[in-house]
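Here's a quick briefing to read alongside the model. Have the sequence and the 3D view open as you go.

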Amino acid sequence: MNKVPETAFNFLNDLSQNNNKPWFLENKDQFDRVFDDVKSFFKGIYEEMQASDHLERFHVHRIYRDVRFAKDKTPYKNYFGLHLGRTKPLLRGGYYISIEPGKSFVGGGFWEPDKEDLLRIRKDIEQDDSELRSLVQAPEFVKYFGELSGEELKTAPKGFDKEHKAIDLLRKKQFLVMRSFTDAEVLSDQFENEVIRTFKAMRPFFDYMSEVLTTDANGVSRY
């Protein structure tokens, strides 16, 4: 059973108080050890999910921030993150885990769907929102995620009726799910199992979206 080491939180707490290059370089050896341990934990999750899904290559986020266009110029992230994308074009959706003191979460979904995909999703909802409704209202979905989250428009998207019965879904620009974890939960022996269960609870939602995004309005495959 893989575990998140307590040293990961210790390092991230120290980094949040010393987010500058001199401190980081002075503590680079400590970072390398911690990062190797976290990467090993993430690798175990990747392998477990790969056994029941089809994922893109293993990719752990770098600790270094891209500050070129950011107001926040601190050079390092205060978290460790892993993204697991499903293999396109037939499988859609992505799994994500972020480990950060006091802010750890497991999530996934559709962060920035392109215009074509977003329109296709909205057209499917406009035609019949019952399948998506049943998925996000299913007991297991509610247990793990509560509800769909993500940015929304303030009004109806262009070309859609603002009085449509599914306007709450049509307004969405993102379709995300998230489950938060306490620090104690992240450091527990059961965290790996809970991450896997949470990821697998996303699968019906992902499979629905995959079906929508790989077919046209008549249900004919686009690939």
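Which residue in β2 does Val 60 stand opposite? Val 60 faces Leu 82. Keep in mind that what you're looking at is a predicted model. The protein chain has 10 helices and five strands, and its 223 residues include 46% that count as buried.

**The whole chain**

- Taken along the principal axes, the C-alpha atoms of the protein chain fill a box of roughly 60 × 40 × 30 Å.
- Looking at contacts in the protein chain with a separation of 6 or more, 67% of them come from residues 24 or more positions apart.

**Helix α1 and what it packs on**

- Helix α1 covers residues 6-17, which makes 12 residues.
- From first C-alpha to last, α1 reaches 17 Å, close to the 16 Å expected at 1.5 Å a residue.

- Strand β1 (residues 59-60) pairs with β2 in the antiparallel sense, over two bridges.
- If you want a pair to find on screen, Leu 84 has Tyr 95 in β3 as its bridge partner.

**The loop between β2 and β3**

- Pro 89 is found in the loop between β2 and β3.
- Lys 88 and Pro 89 are joined by a cis peptide bond, with omega at about 5°.
- For background, most peptide bonds are trans.

**Salt bridges**

- How many salt bridges does the structure hold? There are 18.
- As a reminder, side chains of opposite charge can pair when their charged atoms come close.
- Glu 152 pairs with Arg 171 in a salt bridge, with 3.9 Å between the closest N and O atoms.
- That pair links distant parts of the chain, 19 residues apart: Glu 152 is in the loop between α6 (139-145) and α7 (167-170), while Arg 171 is in the loop between α7 and β5 (175-180).
- Glu 152 also meets Lys 172 in a salt bridge, at 2.8 Å from N to O.
- Glu 152 lies in the loop between α6 and α7 and Lys 172 in the loop between α7 and β5, so this pair ties together parts that are 20 residues apart in sequence.
- Is Lys 172 buried or exposed? Lys 172 is buried, with a relative accessible area of 6%.
- Glu 152 counts as partly exposed at 38% relative accessibility, and Arg 171 is partly exposed too, with a relative accessible area of 22%.
- Over in helix α9 (residues 191-201), Glu 194 and Arg 197 are three residues apart, which means about one helical turn separates them.
- The side chains of Glu 194 and Arg 197 meet in a salt bridge at 2.5 Å, N to O.
- Arg 197 is partly exposed, with a relative accessible area of 39%.
- A network of salt bridges links Asp 53, Arg 86, Arg 203 and Asp 207.

- Ser 130 is found in helix α5, which runs over residues 130-136.
- At 41% relative accessibility, Ser 130 counts as partly exposed.
- Which side chain does the side chain of Ser 130 make a polar contact with? The contact is with the side chain of Asp 128, at 2.7 Å.
- Ser 130 and Ala 166 are 36 residues apart along the chain, and their C-alpha atoms are separated by 9.4 Å.

Key
Residues are numbered from 1 along each chain as its sequence is written. This is a predicted model: local features need pLDDT of at least 70, side-chain atom pairs count only at pLDDT 80 or more; totals for chains, interfaces and linings use all residues. Side-chain values use heavy atoms; hydrogens and water are left out. Helices (H or I, at least four residues) and strands (E, at least two) are DSSP runs, numbered from the N terminus. The expected span of a helix is 1.5 Å times one less than its number of residues. Two strands pair if DSSP finds at least two bridges between them. A salt bridge is a side-chain nitrogen of Lys or Arg within 4 Å of a carboxyl oxygen of Asp or Glu. Buried means under 20% relative accessible area, exposed over 50%, partly exposed in between (1.4 Å probe, protein chains only). A polar contact is a pair of N or O atoms within 3.5 Å; within protein, one must be able to donate a hydrogen and the other to accept it, and residues adjacent in sequence count only if both atoms are side-chain atoms. Contact means heavy atoms within 4.5 Å.
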